[in-house]
Amino acid sequence: MASNSDYAATFGFVDADSDGRISAQEYADLMHRLGDTCTQEQARQAIEAMDQDGDGLITLEEFTAYMSDQGA
Ligand SMILES: [Ca+2]
Ligand SMILES: [Ca+2]
């Protein structure tokens with residue numbers, strides 16, 4: 001089972017500009033770095049699935065809650 005600090009490390013990896021929020025653009029960039037194809041629409045939907053307050057950005061709290069729900 002992953003700890004919160006593991007989530008924070010993963011979050012920091014995705015948060016390319018280190019502003020404490022993951023945007024759809026950062027998510028798409030990560031997918032591209034991993035060699036995956038990800039359209040802006042797919043990135044937006046992935047963000048929407050994690051976004052709890054509807055601001056279109058993922059905070060560490062939202063990310064951790066989502067990952068915990070997945071049992072990851
Ligand atoms: Ca960011
Ligand atoms: Ca949010």
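Predicted model: local features only at pLDDT ≥ 70, side-chain atom pairs only at ≥ 80, totals over all residues.
Trainee: Which protein donors does the calcium ion (ligand 1) have?
Mentor: They are D15 (OD), D17 (OD), D19 (OD), R21 (O), E26 (OE) and E26 (OE), at 2.2 to 2.4 Å from the ion. Along the chain, these donors follow the spacing D-x1-D-x1-D-x1-R-x4-E.

Trainee: Is E26 buried or exposed?
Mentor: E26 counts as buried, because its relative accessibility is 9% and the cut-off for buried is under 20%.

Trainee: On to the calcium ion (ligand 2). What are its protein donors?
Mentor: The donors are D51 (OD), D53 (OD), D55 (OD), L57 (O), E62 (OE) and E62 (OE), and they lie 2.2 to 2.5 Å from the ion. Their spacing along the chain is D-x1-D-x1-D-x1-L-x4-E.

Trainee: And what angles are found among the 6 donor atoms of that ion?
Mentor: The angles run from 52 to 158 degrees, and the site of the calcium ion (ligand 2) is irregular.

Trainee: How accessible are D55 and L57?
Mentor: D55 is partly exposed, with a relative accessible area of 39%. L57 is also partly exposed, at 26%.

Trainee: Changing topic: which residues of helix α1 are buried?
Mentor: In α1, which covers residues 4-14, the buried residues are Y7, F11 and V14. Seen down the helix axis, they fall within an arc of 60 degrees, so they line one face of α1.

Trainee: What do the buried residues of α1 pack against?
Mentor: They pack against β1 (21-22), α2 (24-33), β2 (58-59) and α4 (60-70).

Trainee: Which exposed residues does the face turned away from the buried side carry?
Mentor: That face of α1 carries S5 and A9.

Trainee: Where is H32 placed?
Mentor: H32 is in helix α2, and at 44% relative accessibility it counts as partly exposed.

Trainee: What is H32 in contact with, leaving aside its neighbours within four places in sequence?
Mentor: H32 is then in contact with T37 and C38.

Trainee: How far apart are H32 and A49?
Mentor: They are 17 residues apart in sequence and 19 Å apart in space, C-alpha to C-alpha.

Trainee: Last topic, the rings. What lies over the face of F13?
Mentor: R33 lies over that face, at 5.5 Å from the ring centre. The structure also holds 1 aromatic pair.

Note on methods
Residues numbered from 1 in each chain as written. Chains lettered and ligands numbered in written order. Heavy atoms only, no water. Donors = N, O, S within 2.8 Å, 3.2 Å for Na, K, Ca; no water. Tetrahedral: all angles 85-135°; square planar, octahedral: opposite > 155°, others 65-115°. Buried < 20%, exposed > 50% of the residue type's maximum accessible area, 1.4 Å probe, protein only. Helix = DSSP H or I, 4+ residues; strand = E, 2+ residues; numbered from the N terminus. Arc of directions from axis to C-beta. Contact = heavy atoms within 4.5 Å. Phe/Tyr/Trp six-rings, centres within 6.5 Å; stacked < 30°, edge-to-face > 60°. Lys NZ or Arg CZ within 6 Å of the ring centre and 35° of its normal.
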